[in-house]
Every structure is written in C-alpha cells, then in structure tokens.
Amino acid sequence: MACYYDATRTSSTPEKPNFIAQLSQDNWPSILFAMAGGVVLSLGNLSTQYAWAFVGLSVTEVITASITVVIGTTLNYFLDDKINRAQILFPGVGCFLIAVCLGSAVHSSNAADNKAKLKGAGYSPTLNGAITNEELRNLEKGTGIIEEAKAGTAEFLLELEKRRAIKVFGKSTIIGLSITFFAGVCFSLFSPAFNLATNDQWHTLKEGVPHLVVYTAFFYFSVSCFMIALILNITFFYLPVLDLPRSSFKAYINDWNGRGWALLAGLLCGCGNGLQFMGGQAAGYAAADAVQALPLVSTFWGILLFGEYQKSSRRTYVLLFGMLFMFIVAVGVLMASSGHRK
C-alpha cells in the first residue's frame, strides 16, 4: 500500500513518517534508487554542456527531452500501473520520436549551411568543416574578424569559434549527436529511478517499512547529484576531454566569471526537479514528464539571444519549424494523458 505524506504534520507515526524519522529507517533499497537517479541526472547535465557546443542549444534540448520522454515516459507508464491513458500517451511518444529525427536533420542541415557560409566568405573549409591552420591562427590572434559581426554570417561563426572553450571546427557531427543521445538516455532514467524510490514497485523494502516520501527521496537524490558532479568536474580539470586545456580546482575557485549564472541555473534546475517529482507522485510520473516542454524556452534563448540559425537555408528553417511543431503537439498529448494515483 502506498504511503502518503501530509506536509502539515509535525509528528511521525510508523505508517506516516516525516522526513526526520525516515532518515533513520531501514529503507536503503529506496535510498539507492533515489541516489541512482541523482547520478544519471548529473551525467546528463554534464553531457549537455558539451552537446550544446556541437549541436546548438535548441536542437540539443529538443533531442534530449524527446529521448527522455520516449524512454522515461514508457518506463514510468508501466511502473505507475498504467494510470495514464495509453491511447493518448503513446501517440504522443510517437510524436517525440519524430521530433528526435527532425532535430538530427536540423543539425545536419545547419552544419552544411555553416560550411557554405565559410567557403563563400573566402575561408577554406575541409570536408569535415575545419578551416586552414593559418585561419585558425588568425582566429586566436583576433585578426581577420569583423567586430560586432552580424549573427548568421561567416565572421560571426569565426568569432564564436574563437570564444568557445570547446572548439567544434573540424569535429565530426557524429560526436555531437552521440553526446546528445547519451545525455537523453541519462535524463530518461532519473525520473523512473525516483519513481521506484517513492513507490517501491519492485517490493525491495522489508515488510512494514513505509515508502520514502517525496521530500526524503529528493534529499538523497540531490546529495548524490551534487557528489557525482563534484567528482566528475574535478576529474575533468586535470584530465580534460575533447582537446580542452588543463585546469585546476584552485583556478576554478578563483574564477568567478559567470559563476552567478551557473548558481542561478543550478537553483532553477533543483526547483524544477522537485516540482516535477511532486507532480509525478500526484498524477503519475509519465504525465509529469510534460516538464520536458523546456526546449520551447531554450529555442527562444537560442534563436533570439544567441543567434542560432540566423541566415540559414530554407531547408533548415522548414526542418526547424517541423521539429518544434511536433514537439509542441507531443507535449500537449502527453499532458492530456495524465491520470490520478489511487
């Protein structure tokens, strides 16, 4: 029998424990599920930092969110004893699959557009999109670049490459898409893991031990997410990937450039996850995955503020519109499939 928690209670009973009481109970199987959710979320968040450089903000968010829904929503549907309406839910999942395919096509088409822009501006991109060594040296020196270049121009692309921590010219598009798909798979697993932590569908708890309430599970989830992020980031300071320069923990502590934005992003991510889990416990975790509507906001940031897809080809615009349209339809269908936990 599921155990619910009344946030107004200050006392604890064996049937309805509060957060403090659950910290000392024998509920390690559920704790491990919650912590596993935090691990995969942290891996997914870190992966998207690299994917954004290769694929762009808009496409990265749509692909990862769609994969999250396709895998995670399906798992949550069966874990939640099918409380969501399958006749509505799974057509929505199909729309997300189409959005994934269109997102990959948008990335490939935009990469071809960028290659054509560089070549048309007198640069000499190779078959894989790189430019010559001399041009790369000019990039580092800051020469040959028009100040305040207009978004979408070859000069804008070169200036952007100069400022990137992760250099993408010359890198295969397969690398970016592979990282993006990996991030999507990680994101698809954290919600089902949290579902198992709070509802114990696999009956891993001993008889008489109450299920973790959302707040207790979220505590362990957050602790593991923080720890794995700390370990991975410090590791990559000294063992960087993708030709990034070496750094150190001391240099990180002393560099506060952009740190405020990073802290704000973490705060918003934590609040969003907590609200998603509370909604999932009430209406089913499959329907709560409608929170993946976030790429619609990311597209606004990517196109209007960061200059993505400016001066691209008509084919890219058509694919971009199709991707966003299918995503909007899929989110609407997903929300319509919601049910109520008994």
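Trainee: What makes up the span of residues 260-279, and how far apart are its end C-alpha atoms?
Mentor: The span is 100% helix and 0% strand, with its end C-alpha atoms 29 Å apart. Helices are DSSP runs of H or I with at least four residues, strands are runs of E with at least two, and numbering starts at the N terminus. This is a predicted model: local features need pLDDT of at least 70, side-chain atom pairs count only at pLDDT 80 or more, and totals for chains, interfaces and linings use all residues. Residues are numbered from 1 along each chain as its sequence is written, and side-chain values use heavy atoms, leaving out hydrogens and water.

Trainee: Which residues does UniProt place in the feature "transmembrane region"?
Mentor: The unreviewed UniProt entry gives 53-79, 85-106, 172-194, 214-239, 260-279, 285-306 and 318-337. Such annotations may be inferred rather than shown by experiment. Take residues 172-194: 96% helix, 0% strand, end C-alpha atoms 35 Å apart.

Trainee: How many helices and strands are in the chain?
Mentor: There are 13 helices and zero strands.

Trainee: Why is serine 312 called buried?
Mentor: Buried means under 20% relative accessible area, exposed means over 50%, and partly exposed lies in between (1.4 Å probe, protein chains only). Serine 312 has 11%, so it counts as buried. It sits in the loop between α12 (294-305) and α13 (314-336). Beyond its neighbours within four places in sequence, serine 312 is in contact (heavy atoms within 4.5 Å) with Asn110, Asp113, Lys117 and Tyr317.

Trainee: What makes helix α6 mostly covered?
Mentor: Seven of the ten residues in α6 (154-163) are buried. Among them are Phe156, Leu157 and Leu158. Across the chain, 47% of the 342 residues count as buried.

Trainee: What makes a set of residues a nonpolar core?
Mentor: The members are buried Ala, Val, Leu, Ile, Met, Phe, Trp, Tyr and Cys residues, joined through side-chain atoms within 4.5 Å. The largest here has 44 residues, and those with the most contacts inside it are Val59, Phe96, Val106, Leu320, Met323 and Phe327. Helices supplying at least two residues of this core include α3 (57-79), α4 (86-120), α6 and α13. A second, separate core has 20 residues, including Val40, Leu79, Phe221 and Cys225.

Trainee: How do you know which atoms form a salt bridge between aspartate 26 and lysine 206?
Mentor: The test is a side-chain nitrogen of Lys or Arg within 4 Å of a carboxyl oxygen of Asp or Glu. For aspartate 26 and lysine 206, the closest N and O atoms are 3.0 Å apart. The pair therefore passes the test. A search of the whole structure finds one salt bridge. Aspartate 26 lies in the loop between α1 (19-22) and α2 and lysine 206 in the loop between α7 and α8, so the pair ties together parts 180 residues apart in sequence.

Trainee: Why is lysine 206 called exposed?
Mentor: Lysine 206 has a relative accessible area of 57%, so it counts as exposed. Aspartate 26, at 37%, is partly exposed.

Trainee: Why does tyrosine 238 count as partly exposed?
Mentor: Its relative accessibility is 34%, so it falls in the middle class. Tyrosine 238 belongs to helix α8.

Trainee: Which helix gives the most to the nonpolar patch?
Mentor: That is α8, with six residues.
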